[in-house]
Amino acid sequence: MAASDLSAAPAVEVAAPPPVTVGLGWIAVMIALAGLNLRPLLTSLGVSLEAVRMDLGLSSTAAGLLAAVPTFCMGAVALVGGRLIGRLGSGQGLRVALLLVAAGCLGRWVGFSPTVMFAATLVGGLGIACGQVLIPVVIKQYFPARAALMMGLFTTAMNLGAALGAAATPALMDAAGGHWQLALGIWALPALVAALLWPVNLARPRGDNARALPWADARAWRMALFLGTGSIAYMSLLAWLVPFYVAQGHSQAQGAALLTVFTGAQIAAALLVPPLAGVWRDRRPAMAICLLLLMVGIAGLWWAPASGGAPWAVIAGIGLGGSFPLALTLPLDYAATPTEAGRLSALVQGLAMLMGALGPLLFGALRDGFGFAAAMLFLLSAVGVSFLLGLTFRPPPLHPAEEDSP
C-alpha cells in the first residue's frame, strides 16, 4: 500500500534487552539508516520504468511483473518470517538483508538483459522483505517502552527513502546521459554503507511462532482483503504513475516530481491522521474519509491529467498515507494479546502484500490490452472494494487490559 507499507514480523518471544557493545542511540540511528535503504529500489524503478521497458523490449505486462517482484517477496517473507528470524537472528540477518538490497541495485547497474534485471530485482526484493521483517524485532528487543516512536521513525525513514529515490533518479539519469542503469545501480552504495555499519552482535530472539498463523480466521482474511485492495492501488501507482503521465505528454522529470509529491503527501498524512483518528475507537469514519480522498485523487489523475497532476497526487497521497496505518491497527484492535496481534498482523500483511504485488502486473496487462483508461478504472475499483470492506469493521469489545486503563 503506502510507501510505509511495513510487513509485520511474526510474534517472537524475546528476553529483556541484552547488553550490546554499541549504544541504543546508535541502534536507533541504524534503524533509520536501514529504513532509508528499503524503498529507493522500488521508486527508482517507478520513475524510469518506461525507459527500462523500451530499452529491454518488455511489454507493459512484463514491466508490471518486474515492478511487482519486490512486493511478492514482501508478502512471502512476512508469512515465513519466524523461520527467518530463528535462522539468522536480527543482527546478522539485517546485514544480510542490506547486502541483498545492495546486490540487487548493483545487478541493475549491469542489467542489460531482461533476465539480469528480473534476477537483480528479485535479490533486492528479498533484501527489502527481510529487512521489514527483522527491524520490528530489533525494536521489540531494544526499545520496548518506545516501540511506537521507533516504528514511526522507521516508517518515516522508509517514506523519505521512497521520496529520495523518486526525486533523485531523474537527475542521475540526466547526469549519466539518459542511461538508467547507473541511475538505478547507484543506490547500491548507501545500502552497502548501511550493511557495513549495521551492528551484527545483537541477541537472537527466542521462539518461533510462524506455524501458529491464524489461517482459519475468517476475519483475518477479510482484513487481508481490505489491506490488499488498498495495496494494489499503492503498488500500481508507485510503478505506473510516471509512465502514465509521460504518456500524456509530460516530461520524465515532471512525472518524477509528481511521484515525489505523491510520496511526500503520504508522509504528512501518516504522521497526522493516526493521532487524530485515535481519539475514537471506531476506525471506520477516518478510514472512509481517507479512502474517499484516495478515490478522488485517482479519478482526478485519470480524468484530468493535462490540468496538472500535483493537486490530485496530494489528495491521493493523503488518502493513502492516512488509510494505511489505520488498516495496520485493525489486527491490534481485535487481538487480545501481543502474541495474538503479532500472528494476526503477520498473516494479514503477508497476504495483503501478495495481493498488492498483483497490482502493477494487472495494470500493465490492462494497459497492453485496453489502454491506460481500463487500468485506471481497475485501480478505482480496487479502492472502492477497500472502502466497502472497511465499513464492516465494527469496534471490537474492550479487552480486560483496556477496561482497566484510565
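Contact here means heavy atoms within 4.5 Å. The exercises below concern a predicted model.

**Exercise 1.** Identify the residues through which helix α2 meets helix α5, and classify the packing of the two helices.

Solution. 
1. Locate the elements: α2 covers residues 40-56 and α5 covers residues 90-109.
2. List the contacts. On the α2 side they involve Leu41, Ser44 and Leu45; on the α5 side, Val101, Gly104, Cys105 and Arg108.
3. Consider the spacing. An α-helix has 3.6 residues a turn, so residues three or four places apart point the same way.
4. Take the geometry: the axes lie 11 Å apart and form an angle of about 20°.
5. Classify. Angles under 35 degrees count as roughly parallel, so α2 is roughly parallel to α5.

**Exercise 2.** Decide whether Val47 is buried or exposed, and state which residues surround Val47.

Solution. 
1. Val47 belongs to helix α2.
2. The relative accessibility of Val47 is 0%. The cut-off for buried is under 20%, so Val47 counts as buried.
3. Leave aside neighbours within four places in sequence. Val47 then touches Gly165, Ala166, Thr169 and Pro170, and also Val242, Gln252, Ala256 and Leu259.
4. One of these, Ala166, is 119 residues away along the chain, yet its C-alpha atom is 6.1 Å from that of Val47.
5. For the protein chain as a whole, 86% of contacts between residues at least 6 apart in sequence join residues at least 24 apart.

**Exercise 3.** Describe the largest nonpolar core and the contacts of Phe262.

Solution. 
1. Begin with the chain: 16 helices and zero strands, with 56% of its 406 residues buried.
2. The largest nonpolar core holds 116 residues, and Ile31, Trp198, Phe262 and Ile298 have the most contacts inside it.
3. Helix α10 (residues 218-247) supplies the largest share of this core, 17 residues.
4. Beyond its neighbours within four places in sequence, Phe262 contacts Tyr234, Leu237, Leu241, Ala313, Ala316, Gly317 and Leu320.

Technical notes
Residues numbered from 1 in each chain as written. Predicted model: local features only at pLDDT ≥ 70, side-chain atom pairs only at ≥ 80, totals over all residues. Heavy atoms only, no water. Core = buried A, V, L, I, M, F, W, Y, C linked by side-chain atoms within 4.5 Å. Buried < 20%, exposed > 50% of the residue type's maximum accessible area, 1.4 Å probe, protein only. Helix = DSSP H or I, 4+ residues; strand = E, 2+ residues; numbered from the N terminus. Axes fitted to C-alpha atoms, helices over the stretch in contact; angles between N-to-C directions. Parallel < 35°, antiparallel > 145°, perpendicular 65-115°, else oblique.
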